[in-house]
Amino acid sequence: RHYISRKTILMLKNFSPAALGINGRQSELIELALTYGFTGMDVDMHEMLRRAQRTNVEDAAKYLEAAKIEVGGFELGIDLDADEDAFTSQLGGLHPIADMAKQLGATRGYIRVPAATNRLPYHEYFDVQGTRLGQLAQVLEPRGIKLGIGFSAGKELEEDKEFAFVRNVEGYLALVNSVAGENVGMLLDTWDWVVGEGAMDQLSEVPATKIIAVRLGSVNTEAEAGKATSSDRLLPEQEGSLSHVSVVKHLDSIGFDGPVSPSASNQSYKGQTRESIVQRAQEAVDGISKEAGLTVSKLPMETIEDIPYEPNPIS
């Protein structure tokens with residue numbers, strides 16, 4: 001491996017409100033991101049498009065512009081389990097969303113494959129999903145957007161469905177590798193990785209070019225990893241069945257420069273304010289990064305005494 005100067009490779013410390021089960025007005029979410037030192041943020045592109053259609057793109061993007069925050073990525077918001085007609089119509093609707101994303105400088109779109117279905121058995125459904133994901137990648141590609149594919153390992157997602165689909169890392173890797181397109185890779189989620197029977201050695205074989213974005217989350221120790229449901233997702237801890245410190249060290253060593261977002265189920269912190277959730281998420285991800293030997297920049301609050309006349313980090 002060539003020596004890469006730390007200054008040239010920087011993962012994006014990314015705030016994904018959805019991954020933390022948080023919502024709110026865009027201006028409030030941006031303020032939270034800035035207060036806790038996140039340099040990137042996932043954006044609701046459907047909402048941005050609706051705003052731009054009501055006024056214009058400049059107006060829709062004014063908060064993002066003012067904050068000088070990088071768009072980490074966006075959810076495609078497409079149902080991969082829809083019937084053929086519905087999927088075709090959603091595919092058509094992705095064009096204006098992708099145009100909006102391009103105008104905002106977004107280079108990553110995310111989607112998760114269904115955990116189970118009533119439509120087709122695994123192998124036939126595998127082909128259908130591979131084709132559909134390839135079609136999504138084709139829409140994004142000319143706009144310079146990569147497709148990050150994730151899977152969902154939570155056990156409750158199989159209930160009431162006839163056929164299970166991708167439930168583990170092995171099936172997930174096979175699916176991602178089967179999708180046509182230079183711009184296709186993984187939305188690598190450490191919670192799903194652990195629940196989906198994945199280990200560090202499999203993760204360390206994935207090249208940086210195949211990782212589009214990373215979500216960090218830990219499995220509640222009271223749950224058996226193989227039986228965990230989505231509500232057993234906690235903020236990322238440094239160690240555990242998959243060491244997050246090792247994961248981040250590895251990502252740094254292969255030169256991964258995409259967004260890394262903390263995640264947790266909103267069930268895991270009932271009754272807490274958004275502010276305290278984001279603060280805990282920031283402390284978790286900064287702690288892991290420090291342990292992994294990365295430089296963690298100070299929070300705006302810690303540097304405020306240097307600028308006595310501008311206590312508002314948004315200005």
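Guide: Start with the surface. The accessible surface of the protein chain comes to about 15,000 Å², and carbon and sulfur atoms hold 49% of that area. The areas come from the Shrake-Rupley method with a 1.4 Å probe; for residues, only the protein chains shown count as cover.

Visitor: Where do the numbers come from, and what is left out?

Guide: This is a predicted model: local features need pLDDT of at least 70, side-chain atom pairs count only at pLDDT 80 or more, and totals for chains, interfaces and linings use all residues. Residues are numbered from 1 along each chain as its sequence is written, and side-chain values use heavy atoms, without hydrogens and water.

Visitor: How many helices and strands are there, and what makes a run count as one?

Guide: The protein chain has twelve helices and 13 strands. Both are DSSP runs, numbered from the N terminus: helices are H or I with at least four residues, strands are E with at least two.

Visitor: Why is the protein chain called as compact as a globular protein of its length?

Guide: Its radius of gyration is 19 Å, close to the 20 Å that the globule rule gives for 315 residues, so the description holds. The radius is taken over C-alpha atoms, and the rule is 2.2 Å times the number of residues to the power 0.38. Along the principal axes, the C-alpha trace spans about 65 × 50 × 45 Å.

Visitor: What share of the contacts joins residues 24 or more positions apart?

Guide: They account for 80% of the contacts with a separation of 6 or more. Contact means heavy atoms within 4.5 Å.

Visitor: How many side chains are positive and how many negative, and what makes them count?

Guide: There are 30 positive and 46 negative side chains. Lys and Arg count as positive, Asp and Glu as negative; His and the chain ends are not counted. The centres of the two sets lie 4 Å apart, with each charge placed at NZ of Lys, CZ of Arg, CG of Asp or CD of Glu.

Visitor: Why is Gln282 called buried?

Guide: Its relative accessible area is 7%. Buried means under 20%, exposed over 50%, and partly exposed in between (1.4 Å probe, protein chains only). Therefore Gln282 counts as buried. Gln282 sits in helix 11 (residues 274–291). Beyond residues up to four places away in sequence, Gln282 touches Lys13, Tyr36, Phe38 and Leu299.

Visitor: How do you know which class Asp81 belongs to?

Guide: At 17% relative accessibility, Asp81 counts as buried. It lies in the loop between strand 4 and helix 5. Leaving aside neighbours within four places, Asp81 contacts Pro114, Thr117, Arg119, Tyr125 and Arg132. Val113 is 32 residues from Asp81 in sequence, yet 8.3 Å away, C-alpha to C-alpha.

Visitor: What makes helix 10 largely enclosed?

Guide: Seven of the ten residues of helix 10 (residues 244–253) are buried, so the rest of the structure largely encloses it. Those buried are His244, Val245, Val247, Val248, His250, Leu251 and Asp252. They pack against helix 8 (190–195), helix 9 (200–203), strand 10 (211–216), strand 11 (218–219) and helix 11.

Visitor: Which residues of helix 2 are buried, and how do you know whether they share a side?

Guide: In helix 2 (residues 45–54), Met45, Met48, Leu49, Arg51 and Ala52 are buried. They cover an arc of only 165 degrees around the axis, which puts them on the same side of helix 2. The arc is that of the directions from the helix axis to the C-beta atoms. On the other side, Gln53 and Arg54 are exposed. Among the partners of the buried residues are helix 1 (26–35) and helix 5 (84–103).

Visitor: What makes the phi of Lys68 and of Asp160 worth a remark?

Guide: Most residues other than glycine have a negative phi. Phi of Lys68 is near 50 degrees, and that of Asp160 is near 65 degrees. Both values are positive in residues other than glycine. Lys68 counts as exposed at 75% relative accessibility, and Asp160 counts as exposed at 74%. Lys68 is in the loop between helix 4 and strand 3, Asp160 in the loop between strand 7 (146–150) and strand 8 (163–164).
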